[in-house]
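Colleague: I am new to this structure and would like to go through it with you. Could we begin with how some of the helices pack?

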Amino acid sequence: MHLSTHNWMRAEPLEVTLKRIKKFGYESIEISGEPEQYKTRETRALLKEYGIRCWGAVTLMLGERNLAARDQGQRERSVQYVKDVLTMISELDGEIITLVPATVGKVVPDGTEEEEWKWVVDATRECFTHAKKVGVRIAVEPLNRFETYLFNRGEQAMALADAVSPECGICLDAYHIHMEEFDVTEAIRKAGKRLFDFHVADNNRFAAGIGTIDWKKIVGTLKEIGYEGALTNEFVAPVDRTPANRYPEMVERNPVDISPEQLKFIQDHGSSLLTEKFYTDQMRITAETILPLIGKTMPA
């Protein structure tokens, strides 16, 4: 196992992110799933410069992106988006994409269970065919019930993976599984060799170590099933607007460039634009919590 991180949680130049995570012992990154933001040749050069490899990406299912949409044109555009993410990761020598099938924040279905199952299976199969072509694995990720109505537990994500191919896997996220699973460790065990990725945030969605999750037990269970992939940092720190705020300096008051869609995506997760100091501290705390559990240390 190794420590990785997403970078969609704060809009900043990739070089700034790489410099920070290198300092804390991260070995890879899951690039934000926005292919138009990255020129792969330049990105490859930056990754090589900092000695950080691309582990993969997560699909950012914002706006009209939805593999389970009733509208066929919308589904087709969403499939093309996923294919573009897969191509980007292939060009960056990455291994996986984490696929969130439906629009994040959409909690009302477009059709019956039977209709939506057919739509999402057919769309994911098309994505999987492209994934095989470019040599990238797909891991279906369930989210909690407040972010999607479609898949909330590992066994639901596995049902889609099974319907697509035995070579399709799943991703579990510590934050989501502690909300939705009947038994967290059993969910990890059931995933077994089909667990391709594992996302890391505490029960309150701050960095690992600022909540109540038993990380020693989680990492121990991952070792038990022989998981050898990334533990990918994905904190989405909630903003406190009351006098009880423990982190009054967490919100960036002079925001860097960010698209309205991306800002809405972050705000819909209960977070905001974070200051560099707060964001850096969250990255450090995750590393301090996770690295010792996987037998690694932060650089001196």
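Colleague: Which residues of H1 meet H10?

Modeller: In this predicted model, Val16, Arg20, Ile21 and Phe24 of H1 meet Glu276, Tyr279, Thr280, Met283, Arg284 and Ala287 of H10. Contact here means heavy atoms within 4.5 Å. Helices (H or I, at least four residues) and strands (E, at least two) are DSSP runs, numbered from the N terminus.

Colleague: At what angle do H1 and H10 pack?

Modeller: H1 (residues 14-24) and H10 (residues 276-290) pack at about 35°, and their axes are 9 Å apart. The axes are lines fitted to C-alpha atoms, for helices over the stretch in contact, with angles from 0 to 180 degrees between N-to-C directions. The crossing of H1 and H10 is right-handed; a crossing is right-handed if the near helix is turned clockwise from the far one by less than a right angle, and left-handed if anticlockwise.

Colleague: Before we go on, what should I know about the numbering and the model?

Modeller: Residues are numbered from 1 along each chain as its sequence is written. The model is predicted, so local features need pLDDT of at least 70 and side-chain atom pairs count only at pLDDT 80 or more, while totals for chains, interfaces and linings use all residues; side-chain values use heavy atoms, with hydrogens and water left out.

Colleague: And H7 with H8, are they roughly parallel or roughly antiparallel?

Modeller: H7 (residues 184-191) packs on H8 at about 20°, with the axes 9 Å apart. That makes H7 roughly parallel to H8. Angles under 35 degrees count as roughly parallel, over 145 as roughly antiparallel, 65 to 115 as roughly perpendicular and the rest as oblique.

Colleague: Which residues make that contact?

Modeller: Val184, Thr185, Ile188 and Arg189 of H7 do so, together with Lys217, Ile218, Thr221, Leu222 and Glu224 of H8.

Colleague: What about H4 and H5: at what angle do they cross?

Modeller: H4 (residues 113-134) and H5 cross at roughly 60°, their axes coming within 9 Å, and H4 and H5 are therefore oblique to each other. Ala159, Leu160, Ala163 and Val164 of H5 meet residues of H4 that include Trp117, Val120 and Phe128.

Colleague: Is Ala159 buried, exposed or partly exposed?

Modeller: Ala159, found in H5 (residues 154-164), counts as partly exposed at 33% relative accessibility. Buried means under 20% relative accessible area, exposed over 50%, and partly exposed in between (1.4 Å probe, protein chains only).

Colleague: Changing topic, which residues touch the most others in the largest nonpolar core?

Modeller: They are Leu67, Ile138, Ile188, Leu195, Phe198 and Leu231, in a core of 89 residues. A nonpolar core is a set of buried Ala, Val, Leu, Ile, Met, Phe, Trp, Tyr and Cys residues joined through side-chain atoms within 4.5 Å. Another core, of 6 residues, lies apart from it and has Trp55, Cys171, Phe196 and Ala230 among its members.

Colleague: What does Leu231 contact?

Modeller: Beyond its neighbours within four places in sequence, Leu231 is in contact with residues including Met1, Leu3, Phe198, Val219 and Ile294.

Colleague: Which loop holds Asp93?

Modeller: Asp93 lies in the loop between H3 (72-91) and strand S4 (96-99). Asp93 has a positive phi of about 60° although it is not a glycine, and it is exposed, with a relative accessible area of 54%.

Colleague: And Arg205, buried or exposed?

Modeller: Arg205 counts as buried, at 5% relative accessibility. Arg205 also has a positive phi, of about 70°, without being a glycine.
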